Amino acid sequence: MDAAYVELSERVFLASPLTVGPWDPNHQHAGPPSALICRAVERAAAKDGLAHLGRLTVNLLRPAPVGECGIDVAPDYVGRNVAHFSGRLTAAGKEIARFTALMQREEALAIPDGTPGHPAPQAPKPVDESPVVTIPLAAEGFGYADLVENRLAAGKFFDGPCAAWFRMNHPLVKGEEPSPYQRVAVAADSGNGISAALDFSKYLFFNCDLTINLFRRPAGPWICLDSASRFGGNGCGLAESALYDETGLIGRATQTLAVRQRSPVTLSRES
């Protein structure tokens, strides 16, 4: 287990146990496949010199099995400064996710001192002042807990609003250094997990999608999520995360949640 995925061909990958999520030992955490999608989009956009991921939306149709998966991505529109892409993630002959992405051309542009919103705010606590923590479900075969290292910046895991730093302990794809955007995608899907306010043993609150918006390129290996989950009392919810690197705010992530009481029958995104 030295990488989340092994590349079998240009568009086919084999998921390792490092991708296992918290809901089922046979299903991937949605962070690693979202990062794999990000990788495919980055490569497609690089052909036209577009290097900044402004937005990634992943619609999670069903759980991704731990095994082979394939990615198809194509441009919907490519302009001088921006391009839109879409595609799908497949596994076991089924669509697992559909996604859209917005890539932008970067250009150096100084922002005047005193401009509201600039510079961006800092994370709740610097990474070197944040204690090392382990995701509570790590002992239950939760492979994702080994893929990343965590440090707690505010609050407490699984106890309401929480801020935590994430750093990848292993490559996304074997033999490759993950890009800054891939590091964000691996972490961003954990917002509803670290800010969980409902008892894992009694409730399911999985996300049906993930949207990441970034206004600048992330720097360094550490990504901080300052997250909170909201519940409507109607089986629906929303997790929101402010995203930081060690320099400051870089963007936001949102997740639409399906909230259900646990029963003897396992609930999946197909239910």
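Does Leu14 count as buried, partly exposed or exposed, and at what relative accessibility? In this predicted model, Leu14 counts as partly exposed, because its relative accessibility is 35%, which falls between the limits of 20% and 50%. Leu14 is placed in strand S2, formed by residues 12–15. Together with Val6 and Leu8, Leu14 makes a nonpolar surface patch of about 220 Å².

The structure holds 13 salt bridges. One of them joins the side chains of Asp72 and Arg11, with an N to O distance of 2.9 Å. This pair links distant parts of the chain, since Asp72 belongs to strand S4 (residues 68–78) and Arg11 to the loop between strand S1 (5–7) and S2, 61 residues apart. Asp72 is partly exposed at 30% relative accessibility, and Arg11 is likewise partly exposed at 34%. Asp72 also forms a salt bridge with Arg88, in which the closest N and O atoms are 3.8 Å apart. Because Asp72 lies in strand S4 and Arg88 in strand S5 (residues 82–91), this second pair ties together parts that are 16 residues apart in sequence. Arg88 counts as partly exposed, with a relative accessibility of 36%. A network of salt bridges links Arg11, Asp72 and Arg88 with Glu95 and Arg98.

A further salt bridge is formed by Glu177 and Arg183, whose closest N and O atoms are 2.5 Å apart. Arg183 is among the buried residues of helix H3, as are Tyr181, Gln182, Val184, Ala185, Val186, Ala187 and Ala188. Eight of the nine residues of H3 are buried, and the helix is therefore largely enclosed by the rest of the structure.

Within helix H3 (residues 180–188), Gln182 is buried at a relative accessibility of 7%. Apart from neighbours within four places in sequence, the contacts of Gln182 are Ala35, Cys38, Arg39, Glu42 and Leu172. The C-alpha atoms of Gln182 and Cys38 are 6.0 Å apart in space, although 144 residues separate the two in sequence. With Glu42, Gln182 makes a polar contact between side chains at 3.0 Å.

Asp209 is located in strand S11, which spans residues 209–214. Asp209 counts as buried because its relative accessible area is 17%, under the limit of 20%. The side chain of Asp209 reaches the backbone nitrogen of Thr256 at a distance of 2.7 Å. When neighbours within four places in sequence are left aside, Asp209 is in contact with Val58, Asn59, Leu60, Thr254, Gln255 and Thr256.

The structure holds zero disulfides. For Cys208, the closest cysteine sulfur is that of Cys236, and the separation of 8.2 Å is too far for a bond. Cys224 is in no disulfide either, the nearest cysteine sulfur being that of Cys162 at 8.7 Å. The accessibility of these residues was also computed: Cys208 is partly exposed at 30%, while Cys224 is buried with a relative accessible area of 0%.

Conventions. Residues numbered from 1 in each chain as written. Predicted model: local features only at pLDDT ≥ 70, side-chain atom pairs only at ≥ 80, totals over all residues. Heavy atoms only, no water. Helix = DSSP H or I, 4+ residues; strand = E, 2+ residues; numbered from the N terminus. Buried < 20%, exposed > 50% of the residue type's maximum accessible area, 1.4 Å probe, protein only. Polar contact = N/O pair within 3.5 Å; in protein donor to acceptor, adjacent residues only side chain to side chain. Contact = heavy atoms within 4.5 Å. Patch = residues over 30% accessible without salt bridge, like charges linked within 9 Å, V, L, I, M, F, W, Y side chains within 5 Å. Areas by Shrake-Rupley, 256 points an atom, 1.4 Å probe, with all protein chains shown as cover. Salt bridge = Lys/Arg side-chain N within 4 Å of Asp/Glu carboxyl O. Disulfide = S-S within 2.5 Å.
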